[in-house]
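Subject: Structure handover

Hello,

The structure is below, followed by notes on what was found in it. Please read them with the model open.

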Amino acid sequence: MAEPAPLSRPQGGPITSQLHRREPDYLSGLNPEQREAVLTTDGPLLVLAGAGTGKTRVLTTRIAHILTQRLARGSEILSVTFTNRAAREMKERIANLVGASVEGMPWLGTFHSISARILRRHAELVDLKPAFTILDTDDQIRLIKQLLEAENIDEKRWPARQFAGMLDAWKNRGWLPKDVPAAESGYFANGKGGKLYHDYQARLKTLNAADFGDLLLECIRLFRENPEVLAEYHRRFKYMLVDEYQDSNVAQYLWLRLLAQGKPASAANICVVGDDDQSIYGWRGAEVDNILRFESDFPGAKVIKLERNYRSTANILKAASTLIAFNEGRLGKTLHTDMAEGGEKVTLTSVWDSEEEARHIGEEIEQYQRRGEQLNSIAILVRASFQMREFEERFITLGLNYRVIGGPRFYERKEIRDALAYLRLVAQPADDLAFERIVNVPKRGLGDSTVKILLETARHLNVPLLAATRTLIETEELKPKQRTTLRELVMQFDHWAQRLDGMHHWEVAEQILDESGYTGMWQADKSPDSPGRLENLKELIRSMEEFETLGGFLEHISLVMDRDSGEAEDAVSIMTLHSAKGLEFDTVFLPGWEEGLFPHQRSLDESGRAGLEEERRLAYVGITRGRKRVRLSVAQNRRIHGLWQSAIPSRFLDELPADVVEVTDTGSSYGGYGYGGGASSRFNKADPFESVYETPGWQRARANQASRKSPGPLTIEGELVARSVDLGGQSSGFALGERVFHLKFGYGKVIQIEGNKLTIDFEKAATKKVLESFIRKA
């Protein structure tokens with residue numbers, strides 16, 4: 001009997017054909033350039049995305065398109081960004097577009113997190129074990145100090161932190177110890193830099209550890225030395241997408257180029273999104289040339305420019321675009337907006353000094369607040385962190401809520417670092433840096449001599465410190481008391497490690513802190529900050545519940561770069577311009593647009609024209625953070641590093657288009673900077689204490705000024721603080737030969753008197769000339 005013919009499926013029927021013609025929802029609302037960037041899925045693509053042009057939407061929609069069109073599975077897409085915050089935002093947006101498919105994207109993350117994942121899979125090929133520790137900066141510094149001591153290098157003359165910076169720069173360039181030029185390595189410790197780098201890397205291997213730079217550097221070495229491993233990832237990744245490509249350094253560039261070599265350069269499915277006008281991290285190794293030469297790296301690459309801005313007004317965009325056009329090293333684009341009106345002009349205000357600048361900005365913010373605007377929509381972006389102090393003090397006086405973005409992070413607090421050291425040592429017994437940190441915290445009666453014996457034994461036996469401790473507690477090198485203490489400590493770590501098999505890791509962590517005595521140490525501490533430290537430890541335990549394992553939690557801590565900025569509170573944001581990238585606010589204040597401060601003199605001295613162009617890009621970033629208003633200000637005088645300096649306006653001000661900038665006056669009698677002002681200094685007033693502030697301090701100062709008949713030392717609340725001028729013949733309160741005491745130099749005898757200056761022969765500090773006001777009679 002013949003088999004029945006298979007049922008034929010209708011092709012292109014009246015209903016099913018509509019399904020194929022229907023445009024996916026995720027394409028709705030895209031402008032033509034954005035749509036082209038999403039739909040271009042074959043070959044290399046450079047999306048040149050200006051500020052506020054929707055680059056994140058393009059990147060996430062492109063991934064959604066690849067997934068929904070089944071061009072690749074989630075596990076076949078490599079999507080790289082620079083911060084954990086950006087990676088989280090991308091995952092959330094993709095999930096909103098395609099649902100749970102984003103859970104199948106294990107290769108969406110930062111350069112460092114993806115590199116760590118790759119290294120743990122192939123750790124043995126780079127002389128590591130899969131459970132290797134990722135060192136933070138503090139541990140790195142401590143390790144370098146050990147190496148400097150072993151080489152008899154004076155750490156005061158050649159600081160460990162300086163060498164750590166050199167290591168970071170070398171690794172950002174993709175240099176292994178053998179690759180560092182002699183001229184580079186010769187800068188440190190009279191030519192010992194190269195050997196220290198070699199010893200540092202060897203020590204890391206012994207510790208089964210890697211620093212942040214190694215995550216990329218060892219990945220590059222893995223790919224270069226193991227072609228079969230690289231080929232595996234070539235087959236795995238069908239599409240590569242890179243965000244903020246202008247911020248990539250040499251090592252990241254090499255890492256990406258190796259992964260993109262699976263196809264001919266003209267056919268590689270690599271899409272990079274970035275803005276050469278926002279490359280502002282050259283000081284930490286970013287190479288703007290990476291994005292500038294993309295077309296030569298990938299011949300035939302398609303370039304799509306996103307120039308339609310959805311954030312700022314036309315006046316703000318014109319100011320930013322005109323300014324950045326003065327840069328020569330750029331691909332070129334001009335931002336525009338569909339908004340019908342130009343919006344408020346960019347304002348420029350001249351003030352006498354930074355104090356008036358902070359006062360003026362604080363008063364303007366209060367006006368916005370009275371009009372019902374949220375403080376969260378206002379930011380102050382400074383070029384240098386020292387500028388923040390004036391604003392903080394002023395806002396405290398006004399009672400304005402503020403937050404400093406980029407301040408101390410939760411995981412950098414002492415109590416958290418100590419707790420993490422305990423956890424790291426439980427998870428990774430070879431972590432000597434963690435052992436050193438907590439071996440005597442809380443105090444266990446183990447002095448430096450005991451720790452030195454432990455270090456020497458570990459070095460001699462070539463084993464970790466914890467293993468060396470196990471050996472020493474069975475011999476007689478240590479005193480009985482120290483042996484007993486260390487034996488108990490080793491037993492505790494063994495018990496804690498065993499409990500991880502049968503208990504939740506956060507429960508074990510809580511027991512570690514209690515049984516080690518660490519929690520009790522802070523409970524017994526009577527300082528004002530001890531309650532806060534205990535709360536932080538509780539928060540640490542709570543945060544661990546979100547992770548499946550202790551190892552996963554510790555890796556998260558090592559990789560996390562963001563901080564919680566208290567976004568629930570309505571507060572003005574204060575941050576540096578470098579910290580502001582990627583953010584936006586209704587109102588942006590940009591204080592301190594003065595030569596030497598912005599552009600910063602150090603950038604000009606170190607990098608010349610390249611430094612000037614990066615400073616101009618920083619100004620561009622600052623201006624384009626504003627949605628509705630941008631407020632610039634310059635001070636005629638500014639205190640820098642404790643010294644008052646007269647300032648001149650930044651060259652960037654003259655590069656702004658005059659038709660969108662409005663010069664304003666603060667209304668003070670000493671404002672104006674030649675922009676039609678020309679008012680005199682406040683110190684030329686008949687009454688230098690004239691002020692609208694009738695505070696007790698001002699009243700006392702005015703009374704003192706009125707009552708003083710002759711010049712003399714100024715007293716504050718009746719106490720002479722210090723006299724640094726000759727008293728005009730007045731006699732000193734001390735006599736020749738008199739025995740006196742100085743807080744720093746100790747006891748001595750007066751041997752010469754010159755006005756208010758005494759020459760004293762100190763018993764333990766030789767002969768010194770000091771001010772009389774710092775001496776008391778013995």
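Two strands pair if DSSP finds at least two bridges between them; strands (E, at least two residues) and helices (H or I, at least four) are DSSP runs, numbered from the N terminus. This is a predicted model: local features need pLDDT of at least 70, side-chain atom pairs count only at pLDDT 80 or more, and totals for chains, interfaces and linings use all residues. Residues are numbered from 1 along each chain as its sequence is written, and side-chain values use heavy atoms, with hydrogens and water left out.

The sheet: seven strands form an open sheet in the order 11-12-10-13-14-9-17, with parallel pairing. Its edges are strand 11 (402-404) and strand 17 (661-665), each pairing on one side only. Strand 13 (residues 585-590) is joined to strand 14 by five bridges, and the two run parallel. Here Val-588 stands opposite Val-630 of strand 14.

Arg-631 is buried, with a relative accessible area of 10% (buried means under 20%, exposed over 50%, partly exposed in between; 1.4 Å probe, protein chains only). Not counting residues up to four places away in sequence, Arg-631 touches residues including Glu-344, Glu-364, Tyr-368 and Val-588.

Regards

Note on methods
Contact = heavy atoms within 4.5 Å.
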